[in-house]
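Let's take a look at a structure together, going from a single chain out to the places where chains touch. Have the picture open as you read.

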4 protein chains.
Amino acid sequence: MTTTASVVGGTGFTGGELLRLLDGHPEFEVVQATSRSEANKTVGGIHPNLRHMDLRFSDPADLESVDTLFACTPHGVSMGQIDEFRDAAGTVVDLSADFRLPETTYYDEYYDGHERPGLLEEAEYALPELNRENLPGADLIAAGGCNATASILGLLPLFEAGILDGDEQIVIDIKVGSSEGGAGGGAASSHAERSGVVRPYAPTGHRHEAEIEAYLGTSVSFTVHAVDMIRGASATCHIFPNGPVSKGDMWQAYRGQYEDEPFVRMASGGGGVYRYPEPKAVAGSNFAEVGFEVDPTNKRLVVFSAIDNMMKGSAGQAVHAANIALGFEETAGLEHTGFHPIGAP
Amino acid sequence: MTTTASVVGGTGFTGGELLRLLDGHPEFEVVQATSRSEANKTVGGIHPNLRHMDLRFSDPADLESVDTLFACTPHGVSMGQIDEFRDAAGTVVDLSADFRLPETTYYDEYYDGHERPGLLEEAEYALPELNRENLPGADLIAAGGCNATASILGLLPLFEAGILDGDEQIVIDIKVGSSEGGAGGGAASSHAERSGVVRPYAPTGHRHEAEIEAYLGTSVSFTVHAVDMIRGASATCHIFPNGPVSKGDMWQAYRGQYEDEPFVRMASGGGGVYRYPEPKAVAGSNFAEVGFEVDPTNKRLVVFSAIDNMMKGSAGQAVHAANIALGFEETAGLEHTGFHPIGAP
Amino acid sequence: MTTTASVVGGTGFTGGELLRLLDGHPEFEVVQATSRSEANKTVGGIHPNLRHMDLRFSDPADLESVDTLFACTPHGVSMGQIDEFRDAAGTVVDLSADFRLPETTYYDEYYDGHERPGLLEEAEYALPELNRENLPGADLIAAGGCNATASILGLLPLFEAGILDGDEQIVIDIKVGSSEGGAGGGAASSHAERSGVVRPYAPTGHRHEAEIEAYLGTSVSFTVHAVDMIRGASATCHIFPNGPVSKGDMWQAYRGQYEDEPFVRMASGGGGVYRYPEPKAVAGSNFAEVGFEVDPTNKRLVVFSAIDNMMKGSAGQAVHAANIALGFEETAGLEHTGFHPIGAP
Amino acid sequence: MTTTASVVGGTGFTGGELLRLLDGHPEFEVVQATSRSEANKTVGGIHPNLRHMDLRFSDPADLESVDTLFACTPHGVSMGQIDEFRDAAGTVVDLSADFRLPETTYYDEYYDGHERPGLLEEAEYALPELNRENLPGADLIAAGGCNATASILGLLPLFEAGILDGDEQIVIDIKVGSSEGGAGGGAASSHAERSGVVRPYAPTGHRHEAEIEAYLGTSVSFTVHAVDMIRGASATCHIFPNGPVSKGDMWQAYRGQYEDEPFVRMASGGGGVYRYPEPKAVAGSNFAEVGFEVDPTNKRLVVFSAIDNMMKGSAGQAVHAANIALGFEETAGLEHTGFHPIGAP
C-alpha cells in the first residue's frame, strides 16, 4: 500500500527535486503538485527530466488530502499556512526556513519574526545524523538549510568527541552553486553575469549562522561565496582548537560518528584526483562527504564537507527524514550514487 | 538468482559508467573489473561516485568466468581478445567500435582493417530501437557509437515512414562533450584549453559516417564540434527531402516510430525553456530526445536529437541490449530520469 | 583634437562594450552615455571593467551634441528616433537591426515593418570587408548582425572567387553565446537553466537569413544553437557546390580575399590545439577567424567562421566602420589581440 | 628607441601572456622566445591569440643578447641558469619562485633548498605596491606568487595602518583557476575532471604561506581551492583583530594605501551585481580589486582580494615592475581594462 504525497510549490528547483525523488520512491505516490503560476501545466513542461510524469500542477487553493505533504514554499509562507497543511496531511515536511530554528529569538534576529512560535518546539529538525532519535512518528518536520547542513556535518564529530567545546574560533568559508538562489533570479543570476564567478554574496551575517549555533551550541564566522556550479555546497571549516589534536584523534572522531551512517562518507587524503570532499563527487546523490587535515604549523584543523544542496541539503534530507518518520527503509528512494564524470554539479 | 558480470577496462569513463549501472542493476552482480594500470586499487579511488563499492580492479590477464562480460577496451583491442572474452563469458557486450559495423569494408576504409571479419555477421548491433528483434539470446553484442546513435535515432522515423529514400542531401552537425574523448587526454583536453570551446574537431570523414550509412542506407555529411559540456551528444540534421513534407507527416512518422519506446521521448516545440531536444534534459539518463521543425522557405527538415553519450550513446545502450538479450525487464537498472537543473551535462 | 562621441543605451552589453572601446580609443572622447533605467548611476556600477571611468549615465531625453553618436537601443527604437540622433551628431552609427537591411521588404517579412524606409538606401552597412568602399564620409552607418557577420565572412570569398553562384544548397549551423541575448533575460537565460546547454533556439526562420541573402544574394538554411559561452558566434557552413572544388581553389579564394584585411585571419588545419576557427581564439578581440575543409566524399565544402559577437559582431565592427568613415587609422582602438588561455569566451 | 626583450620558456601560459604584453608594449620589442619542446614552431601555433606575431620559438641554448630577459621557466630552473640569463641581459625578471623569497631558510623549508642563496638579497620583489621604492634600476626582479599577491594586497593596508600587529589569527581561503597549474597537466586537470569543481588542493602548508610571512611579517592559515575558472585568484581573509575596528578605520586604511595606486581599486559594498572583488571583474587586466566587511558579531574583519593570476599575479606584475625598473611609464602596456561580460575568467 503506497503512501500518498503532495508537493506544495512544485515549480521551484526544490519542488522539482522532490517530485523526482517521490516519483521514484517505492513507498510514495505523488497525487498532487501545486503551483500558483503554472496551474494546469504539466510537470514536465517545467522540469524536463520529469517529462514522463503524467501530472499537472494544480492550484494551491485546492489542497488534496494526503498522507504526507511536502511544502516547498518561500520562507515565510508555510508559517502562515501550516494549519491548512496539517489539515490536509498527517505528516508535514517543510523545506523552508519556517520551522527549522528551535526558538523564536532566532527568527526575531535573522528573519522577520515568527507567526506561530508555539509550533517551533513541536517541529523536528530533519537532519538524521543529528536528530534521528526524534524523527520516528514526527508529524511536523523541518528540513535544514543547505549551508548549515554542510557545516553541521563537518563539525558535529568534533563536538561529539569532545575535541571542541564551543568556545573555539571557527571560520566557515562556503562555496555554493546557483541553484541555491532558486528558480527565479534577476541580473545577478543571469548566465552572462553568473558564469565563472567567485562572488562574495554573504560576507557576514548569513542566516545559517543561527542554525549552526542553534544545533551545535557554538558561534561561527560564516562567509558564503557563489561559484560556477549549479548544485553543491562546499564548506571549509578553519578551526583553532584549545589544545593539540592529532590525526588519530580526528579519524577516531569522524569514524566513530559516521561509520554507520548510510549517507555520509569520508574523503580525506589518499591518492587520485578526488582526495577531499567536493560537490562533483556527490552531485545528484544524497551523500555528504567529509574530510579533514591537521595543520600543526598554525594549530589549525581544516575540515571539508560537501553536499548537493538540493539533495542532502534539501529535498534528499527531507525524504530521508520522512522515511524515518514513517517507518520506511531509511535509504528508500535515495540510493542513486551520482555520476563520474559529471560537469558543473 | 543474479547474473554475474565483469567489466574489462574499468578505469575509463565508459567502464565506470557500466560499473555504476551494473552495481545498481537488480539482475547483475559485478564480480570483476579489470584495469591494466590500476590493478589492486579500489574502484572508488578512480570513480568517486562508486566509493561505496567493495571492489578492486584486477589484472586483465586474470579474467574470471562470468555470465556476461562487458568490454570497454580501446578500439582495436577486443577484436584481438574476443576469443578470450567468449571463453570467459556466455554473453559478450563490446562497447568499442570493433564489432559494430556489419562489413569488413567499413573497417578497411575507416579503421585499420579487421582481424576477425568472420565475427562481424555474428555480432548484433546493440541499439534496440533499430535492432530489438535480433537481440534476444544474442551472445555477441556491439554497442553503437554515440554520434551515430544520436543521428540514427533522429533519422530513423523518416526512413521507416518512407519520407526519405536514402538519396537526399543530409547534413548532420554534431556537438559533443569532453567525455567522448575518454579519460586520458593531452593539451587539447585540459581544462584551460577545452573550457568554453566551439571547436571543430572532425570537420569531415568521421568514422560514425560509416555507421550511419551501414544502418540507414544513406550517406550523410557529418561534422563534429566539441562544446563545453562533459556528457552529451546533440545532432542537428538538416535534410532536404525530394518532395513536400508537412508537420503532420513528421508527427505521424515520429510518433509511430517511438510511442512505445521506453527510452525515446519527443521534445518538439511547445512552451517553456526546454522546447527541443538538448543534452541537459537527458544527462545521466538513458533517454534520447528527438524533435523537429519544418522549414518551408528552404524546403528543409531540421531534426534534433540529444543523448547522454555515456548512457544512451554507450553504457546505457549496452545494458539495455543486454537486458533484452538475457530476457530481463528492458528498463532494468536504467530507470534514472536525470536532474533538473543540472550543470554542464 | 579628439572627436566627441556618445552612446545611447549604454547599460546593455553592446553599449558597455562600445564604452570600453571608445574610452580606450586614441581619437574619440566619450562625453555622454544614456540610460533610461540607470540615469545618474556610474558607468562602472553596471560595467565593472569600467570602474575607472568618471562618467554617469544621463537621461536619453537630454542628448548632447557630439561628433558621433552610437545607438545601442533595442530593435525598433532608433528608426523612431533617428531624426533626433542625426540632429545631435554629424555621424550616427546604429548597432540595432533598424538600418542594416537594404530594402523595406525584408523588414516587412522578418520584422514589424519600417517607419523610415526612405533612409534604408542612405544607410551604409558597417562590415568593412564587404562595404569598405562606401564607408568614408558615411553619416549613417548600420552595424551588421553577429550571426550574419560570421556567416558572410565565411562565405564571401566563395562568391567573390566565383566558386559559388548563389543557387547552391547552403546550410549554416550557428552556435552562439549568452551575451547575444542581451543584458536582460528571464528563466531561459538564468545560470542554472542556461549553463552547459546545446539548445536549438532558432531552428528556422532566423532574421539573419534575410541579412545574408541581402548581402550575398543567396538563400541559406540557417539554424542557431545556444551553447555554453558568453561571447562568441561560430558559423559552420555546409556547402554543396555545383562542381568540383579543390583545396587549392579554396586557399586561393580565401587568401585573395583576406590577405590584406587587418581583422580576418585564416585558421585552417595545421597542428596544435587550435586548428580551425573558434570563438575562444578571438574572444575579446575584433578578429574574425575563417577556415575550411573539402569533403570529397560528400561533394561538400565545410567553412568555419568564428567571431566575438560583441566585437567583430557588433561594437568592434561599429568602431571599425566609424574609423573608416571618419578617416582614422582603421585599426585604431581595436588592436587588442585577445587572451590565451581564456575561459568560456 | 625600443628596448629589446626575450622570453625564456615561451610556451607556457605565463610565457604566452608575457609575449602578448610585450608585443603590445610601446617600449619593448620581443626579439626572442625560447622553448625546449616547440623550437622552430610559430608562437601563434601555441598561443592562438598571437597568430599575427611573426616569431618562432628558438632553442633555449641559443640565448640572444637583449636588454631585458623574462624567465618563465619552472621552479628550480632559473636558479641554475641565472648566470647565463644575466650574461644575456642587463635586466632579468624571473617569474618563477626561485628568487622571490628573501631568505634561504624559506627555500629549505618549503622548496628543495637554494643553489644561489647569495643572490636572494640582491633580487627585488616585483610587487610595486609593496616594493616600488626599490625597483628603479633593479637588475634582478622576482615576480611574486599569485596567491601571495592577492593575499598581500588584501592585508597590506591593515599592517600599514597599524590595525594589525602580526600576532592576530588570520585565515586565508583562496579560490584559483586552472591556469595556475600551468599548461601541462594530467588527469586532475582534464576538462572532464576539472570542470565545475570546488576542490581543496592545498589544505595546508602551501608555499605561498612563506611568501606572505616573509613580506608581511605575520603567519597565516592558508588553504587553496580549485574552482571552475581559468584565470583568477580570489583571497578571502578572515581576520580577528585584537581590538575593535570600525568601518571608518577600514576605509581610511584602504583608501590611504591605495588611492594613488594605478592598478588597485576598491570594490566594497554599494549596489549592483559586482559589489565585492571578484576575478571576473579584473580578468585579463592588471587590476587588483580589494574590499572588506566588518563582522561585529564575530569580532572579525573579512577582506576580499581578487586578481587575474596570470596578470597582476604574474606576467602583468612582472611588466609593471620592469616598467619601473627601466624608467618607463608605470602603466605602459598594461592599460587594458578587461571585459564585461566575460565568461569564466
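Start with chain A, which is built from 11 helices and 13 strands. Keep in mind that this is a predicted model. How does its radius of gyration fit with that of a compact globule? For 345 residues, such a globule would come out near 20 Å, and chain A has 20 Å, so the two agree.

Now hop over to chain D and find two helices that pack together. Helix H6 of chain D covers residues 146–160, and helix H8 of chain D covers residues 208–216. Their axes lie 10 Å apart, at an angle of about 30 degrees. Angles under 35 degrees count as roughly parallel, so that is what we call H6(D) and H8(D). The crossing of H6(D) past H8(D) is right-handed.

Which residues do the touching here? On the H6(D) side you'll find D:Asn147, D:Ala148, D:Ser151, D:Ile152, D:Leu155, D:Leu156 and D:Phe159. They meet D:His208, D:Glu211, D:Ile212, D:Tyr215 and D:Leu216 of H8(D). Sorted by class, the residues of this contact are eight nonpolar, three polar and one charged.

Next, how do chains D and A relate?

| Contact | Residues from each chain | Classes on one side |
|---|---|---|
| D with A | 44 residues from chain D, 44 residues from chain A | chain D: 19 nonpolar, 15 polar, 10 charged |
| B with D | 15 residues from chain B, 15 residues from chain D | chain B: five nonpolar, nine polar, one charged |

Back to the contact of D with A, which takes 44 residues from each of these chains. Several elements of chain D give two or more residues to it, among them strand S7 (169–176), helix H7 (191–194), strand S9 (221–227) and strand S13 (300–307).

Terms used:
Residues are numbered from 1 along each chain as its sequence is written. Chains are lettered from A and ligands numbered from 1 in the order in which they are written. This is a predicted model: local features need pLDDT of at least 70, side-chain atom pairs count only at pLDDT 80 or more; totals for chains, interfaces and linings use all residues. Axes are lines fitted to C-alpha atoms, for helices over the stretch in contact, and angles run from 0 to 180 degrees between N-to-C directions. Helices (H or I, at least four residues) and strands (E, at least two) are DSSP runs, numbered from the N terminus. Angles under 35 degrees count as roughly parallel, over 145 as roughly antiparallel, 65 to 115 as roughly perpendicular and the rest as oblique. A crossing is left-handed if the near helix is turned anticlockwise from the far one by less than a right angle, and right-handed if clockwise. Two residues are in contact if their C-beta atoms, placed from the backbone, lie within 7 Å. Ala, Val, Leu, Ile, Met, Phe, Trp, Tyr, Cys and Pro count as nonpolar, Asp, Glu, Lys and Arg as charged, and the others, Gly among them, as polar. The radius of gyration is taken over C-alpha atoms; the globule rule is 2.2 Å times the number of residues to the power 0.38.
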